Amino acid sequence: MVRLRRAGRPLSRLAARVPAPWGFVLAVFVGSKVVLSLVGVIALSAWDGVPGAPPADEAMMRAQQHAISPHRWISLWFAWDSFLYDHLAQLPLDRPWRDFGFPLLYPFLARPVAPLLGGHTAWALLLVSNLALVFQLYYAHQLGARLIGTGGAAGGADPAAGRRFVRYLLLLPTAFLFQAALTESLFLCLALAAFWYAERRRWLLVGIVGYFLALSRSVGFLLVVPLALVLLRQHGYRLDPRTLGRYLRRGWPLLLVPAGWLTFMAFCRWQSGDWYAYKHAQERGWGISVQNPFRVAYAALTGENSADALRVWCAVAVLVVVLAGLRRAELPYLVYTVIVVLVPLSMGPPVHKSLLRYLLAAFPVALVLARWARRASLDTWFTAALALLQGALFVVWLTYWTHFVI
């Protein structure tokens, strides 16, 4: 025991030197990575013995994963769009660009990282998404401590509330996707950072972060609306001439948010002669076209596909929880949630298979749960229920041929 204590002293001193909240953030990140990787490897090993698994039409994905790495604790984090992002990260830039189906921030961030990893762009994508997850957890801690704290949006940060928000963000039903080579962690990292800097009235940083947010996913440029509402709230939603001048002087960097998406459109125009090459690529490749989201949701709820109906009920549950749990001063976060829920639904029926993935962007759900979980008994029940639900969905996701979580 004495030897163990002596051996642990250097680690304790090192941990004490890590500034808050980074020690907590890194511990949670490593812990979740280890647990999910272990569960994933065990689940995949169990499926190896099931006759007919995977079916023939899904064998290609297993081959693609094995080509990335023979180690399953690495390869299991690649699925579906991961391979398309890998393709985009490898395309030479000195030739005409023909792939416009995805915004380019995520694959382009992997390009300078790949040479450090021996040219493996897939590994670079995974590293980028996991680094984004670390910073996502940091900004979640800071924002949660401020919003759930005793002073609400006005101040009164509560580190315990921040830690609780981080925990519930990682307990959301499909939060394992933050660990994958997908855009979820990057998008949410940038969204949380933008709101954090907005709450602190650092509007130039909001504009810069928002510019890249719009380049990470098409819905990103619409987040200028809830960010602008934060600015309006900070001035009591007043609209007199004097206050309008303040809005312009302080909030002009918000123009950088839609400018991010306009940059991508300009790239499409430069390379293809078509400002809407992204839209047309989505229509040709996946049958996606802008539709009334309420009609799309109603058609799923009243249709014969029970899986689609269940996914849409999950979207309804997200909106109900946020409506019930957010305070009046948190209107920007309600508007944000409505945007990230309804915009995917406006893509039409093809979105149903990926709806649970897109709902992961609705971080105010975790904010509400963290607020409700102030009581230790509720915290325990919420944590246990969400952990079990996420574990079940994680196994379902690993069996990709179920097509339930994509």
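Both Glu 184 and Arg 217 are buried (under 20% relative accessible area, with a 1.4 Å probe and protein chains only). The model is predicted: local features need pLDDT of at least 70, side-chain atom pairs count only at pLDDT 80 or more, and totals for chains, interfaces and linings use all residues. Residues are numbered from 1 along each chain as its sequence is written, and side-chain values use heavy atoms, with hydrogens and water left out.

Glu 184 and Arg 217 form a salt bridge, with closest N and O atoms 2.7 Å apart (a side-chain nitrogen of Lys or Arg within 4 Å of a carboxyl oxygen of Asp or Glu). Glu 184 lies in helix H9 (residues 184-199) and Arg 217 in the loop between helix H10 (203-216) and helix H11 (224-234), so the pair ties together parts 33 residues apart in sequence. Helices are DSSP runs (H or I, at least four residues), numbered from the N terminus.

Glu 184 also meets Arg 357 in a salt bridge (2.8 Å, N to O). This pair joins helix H9 to helix H18, so it ties together parts 173 residues apart in sequence. Arg 357 is buried. A salt bridge links Asp 81 with Arg 357 at 2.9 Å between the closest N and O atoms. Asp 81 lies in helix H5 (residues 81-90) and Arg 357 in helix H18 (residues 355-358), so parts 276 residues apart in sequence are tied together. Asp 81 is buried. The whole structure holds nine salt bridges.

Key:
Helices (H or I, at least four residues) and strands (E, at least two) are DSSP runs, numbered from the N terminus. Buried means under 20% relative accessible area, exposed over 50%, partly exposed in between (1.4 Å probe, protein chains only).
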